Amino acid sequence: MRRRFFPPLPEDIRDDVAILRANRIETLTPMLFLMLAATTPTAIYGGMPSVHPIIRIGFPVVLAAVCLLGFAAQMHYRGRRMSPRRARRVIVEAAWVSGTMGAMCSSWTVVNWLAAPPENHSYYAMIMAMGSLATAYCLSSTRFAALLNLGIGMVPIAYLMLTSGHAPEIAAGTSLVVATMFLVRMILQQHGQLVDLLELQRQMRDLAHSDALTGLPNRRAFDLRLEEEIARAADGEIFAIALLDLDGFKPVNDRHGHAAGDQLLCEVAARLRRACGDHALVARQGGDEFAILVPRRSPLLATALADHLLAALVAPYRIGGQPLRVGASVGVANWPGDGGSARRLFDTADRALYAAKAAGRPDMSPVESIGIAS
């Protein structure tokens, strides 16, 4: 039952789901706060005189104060960037604040219902139903909060109507139960559609930022990550990029075919990925060109980066049942000494790369040369 109503979210979209839910809460709840605050004077006016003032007057006053404070808080935070951590806090706060307010409203409704003559019961039922359904709609993107408010708000008043013994109230109570069940169904269905949509968006984003052949990040993803690294780098912190180009890749395609060339690129990508592990980002720039971003505090910054990368490519490759060797040239640029922007870093690394190619021994065949420059 728990998995049916609250199925686990896929790990890779949990942050996206939280942010979407929190954004919807912040979009819809300001008007809800104002609506609920506007109804409190009439609630006080319509309360039964025999009900204790703490419930008849105190509960609506507290509700109005909470709504006005909530509205002010929403206006204060509107437009601010929604991080996953803040999104989860917004969701938790919305659930418990709305649940507490719903419990106060439900208590007010039940007490006034019991104190009122039968001909006035429908007014209290309508007040509670409208408020509870409106709240559940505003929180429909957050299943727990929406179902909590429906349970707190609708179950007590529906029970009173169904057990009242009056045919009109029983009929109205039945309609409320049906409407509530329909809304619950819509909330659960909306959650499934939301998850499917975010998974599709994630897949499309991955495709847009991945190289179809090797599975590595592509140039667009590398550029975005580089810009993030530049933005996060504090004074005195360094990171590095390396551009790697295979030497003699075209002869492999010419002699063994493009399928062999594709297999070779995949093998090179796998070796670079193993050599860097979680300490660097390896991307394919296109063709036989690769880029490596070594972020701040990476242990690879303490190594001779070009040598480390080239050492991973030295062993022969077995393509189509026969061993092949291919060389590479590497150019390295360090932030901030080799450039104060992404473009300057790339220019420095590119010049170092072609200096490495030019430094290759002329007596070596194209598929055997290895160049290094930084």
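Student: What lies between β2 and β3 in the hairpin they form?

Tutor: Two residues lie between them. In this predicted model, G287 sits in that turn and has a positive phi of about 60°.

Student: What makes β2 and β3 count as paired strands?

Tutor: Pairing needs at least two bridges between the strands. Five bridges join strand β2 (residues 281-286) to β3, so the pair meets the criterion. The two run antiparallel, and one of the bridges has R284 partnered with F290 in β3.

Student: What makes strand β3 mostly covered?

Tutor: A residue is buried under 20% relative accessible area. Five of the six residues of β3 (289-294) are buried.

Student: Why is P60 called buried?

Tutor: P60 has 5% relative accessibility. The limit for buried is under 20%, so P60 counts as buried.

Student: Where does P60 lie, and which residues does it touch?

Tutor: P60 lies in helix α3. Leaving aside residues up to four places away in sequence, P60 touches T40, I44, I55 and W108. Contact here requires heavy atoms within 4.5 Å.

Student: Which other residues of α3 are buried, and what covers them?

Tutor: Besides P60, the buried residues of α3 are R56, L63, A64, C67, G70 and Q74. The cover for the buried residues of α3 includes α2 (14-46) and α4 (84-115).

Student: Which spans does the UniProt record list as "transmembrane region", and what is the chain like over residues 28-48 and 54-73?

Tutor: The unreviewed UniProt entry lists residues 28-48, 54-73, 94-115, 121-139 and 146-164. In the model, residues 28-48 are 90% helix and 0% strand, with end C-alpha atoms 32 Å apart. Residues 54-73 are 100% helix and 0% strand, and the end C-alpha atoms lie 26 Å apart.

Student: What lines the largest pocket?

Tutor: The lining of the largest pocket has 43 residues, and L32, F33, L36, S98 and M101 lie nearest the centre. At least two lining residues each come from α2, α3, α4, α5 (121-138) and α6 (143-162). The largest share, 13 residues, comes from α4. The space in this pocket is about 910 Å³.

Student: Why is R297 called exposed?

Tutor: Exposed means over 50% relative accessible area. R297 has 65%, so R297 is exposed. R297 is in the loop between β3 and α11 (305-313).

Student: What makes the backbone at R297 and at the W335 to P336 bond worth a remark?

Tutor: Most residues other than glycine have a negative phi, and most peptide bonds are trans. R297 is not a glycine, yet its phi is positive, near 65°. A cis peptide bond joins W335 and P336, with omega about -5°. P336 is in the loop between β6 (327-335) and α12 (342-358).

Conventions:
Residues numbered from 1 in each chain as written. Predicted model: local features only at pLDDT ≥ 70, side-chain atom pairs only at ≥ 80, totals over all residues. Heavy atoms only, no water. Buried < 20%, exposed > 50% of the residue type's maximum accessible area, 1.4 Å probe, protein only. Helix = DSSP H or I, 4+ residues; strand = E, 2+ residues; numbered from the N terminus. UniProt positions renumbered as here; feature names shortened; annotations may be inferred. 1 Å grid on protein atoms, 1.4 Å probe; cavity = no way out; pocket = protein on both sides within 12 Å on 5 of 7 lines; lining within 4 Å. Points joined across faces, edges and corners; volume = space filled by probe spheres on them.
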